[in-house]
Amino acid sequence: ILAFANAGLEVGMEKTHWTSSCSCAEELVVQGVVIPWSPNITYVGTVLEFGAHDARALQYRLGQAMSKFATWAPLLRSKWLPLADRFKAFKTALCTSATWLSSTWHLTVAQESHLRSWAARLAARVVGITRYPNEEMGQFWRRLHREGHKLLLRFDADPMRLYRAHVIWRA
């Protein structure tokens, strides 16, 4: 990792592990810095990000959570199941999937807002909020988010709480 840092690259994730099963004689030279050859590199995480933010990791996890939503949608949207039970499943399946390995993230304020907004939209879909006949699209989106945020608070299903718990655990 020191060689990467000397070459101008940063590895900012705590769950990034570089391991080698044997020592080889080959070397890699990057801008004058010699990096010993490693036949096996183990990366524990989702997306290796060499920048100062984790936007790609967040987008990847949200994509995985949307896949889980598609799988669990019949249960989450069913009217026969009490709303509290649906939000327990929402928190267990979707919020956990979205924040998986989030202890490695360093989100910006805008990315945190994006995560909250994403969760509010899905929460609104769980209860089946639909557009009124004469409602403009902008009004519908604002109402969708407003109601979704209320539901997240009411049922303690905010994914930011899980993310913050991971951050506190990391510290």
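I take buried to mean under 20% relative accessible area, exposed to mean over 50%, and partly exposed to mean in between, with a 1.4 Å probe and protein chains only. By that scale Phe 87 is buried, at a relative accessible area of 1%.

**Basis of the entries.** I worked from a predicted model, in which local features need pLDDT of at least 70 and side-chain atom pairs count only at pLDDT 80 or more, while totals for chains, interfaces and linings use all residues. Residues are numbered from 1 along each chain as its sequence is written, and side-chain values use heavy atoms, with hydrogens and water left out.

**Overall layout.** I recorded six helices and two strands in the chain. These are DSSP runs numbered from the N terminus, with helices being H or I of at least four residues and strands being E of at least two. Read from the N terminus, the order of elements is α-β-β-α-α-α-α-α. Of the 171 residues in the chain, 36% are buried. I then looked up contacts, meaning heavy atoms within 4.5 Å. Among those between residues at least 6 apart in sequence, 70% join residues at least 24 apart. The accessible surface of the chain, from the Shrake-Rupley method with a 1.4 Å probe, is about 10300 Å². Carbon and sulfur atoms account for 59% of that surface.

**Nonpolar core.** I define a nonpolar core as a set of buried Ala, Val, Leu, Ile, Met, Phe, Trp, Tyr and Cys residues joined through side-chain atoms within 4.5 Å. The largest such core has 28 residues, and Phe 69, Leu 76, Phe 87, Phe 90, Trp 118 and Leu 152 touch the most other members. At least two residues of this core come from each of helix 2, helix 3, helix 4 (109–127), helix 5 (137–154) and helix 6 (159–170). In soluble globular proteins, nonpolar side chains tend to be buried together. I also listed the neighbours of Leu 76, leaving out residues up to four places away in sequence: Phe 69, Arg 86, Ala 89, Phe 90, Leu 94 and Val 126.

**Aromatic rings.** Rings of Phe, Tyr and Trp (its six-membered ring) pair if their centres lie within 6.5 Å; planes under 30 degrees apart count as stacked, over 60 as edge-to-face and the rest as tilted. I found three aromatic pairs in the structure. Phe 87 and Phe 90 form a tilted one, with 5.4 Å centre to centre and 55 degrees between the planes. The two residues are three apart in helix 3 and therefore separated by about one helical turn. Phe 90 is buried, with a relative accessible area of 0%.

**Loop residues.** I located Ser 78 in the loop between helix 2 (55–76) and helix 3 (83–98). Ser 78 is buried, at 9% relative accessibility, and its side chain reaches the backbone oxygen of Leu 75 at 2.9 Å. Asp 156 lies in the loop between helix 5 and helix 6. Although not a glycine, Asp 156 has a positive phi of about 50 degrees. At 30% relative accessibility, Asp 156 is partly exposed.

**Pro 74.** I placed Pro 74 in helix 2, where this residue is exposed at 61% relative accessibility. Its C-alpha atom is 9.6 Å from that of Val 126, which is 52 residues away along the chain.

Key:
Polar contact = N/O pair within 3.5 Å; in protein donor to acceptor, adjacent residues only side chain to side chain.
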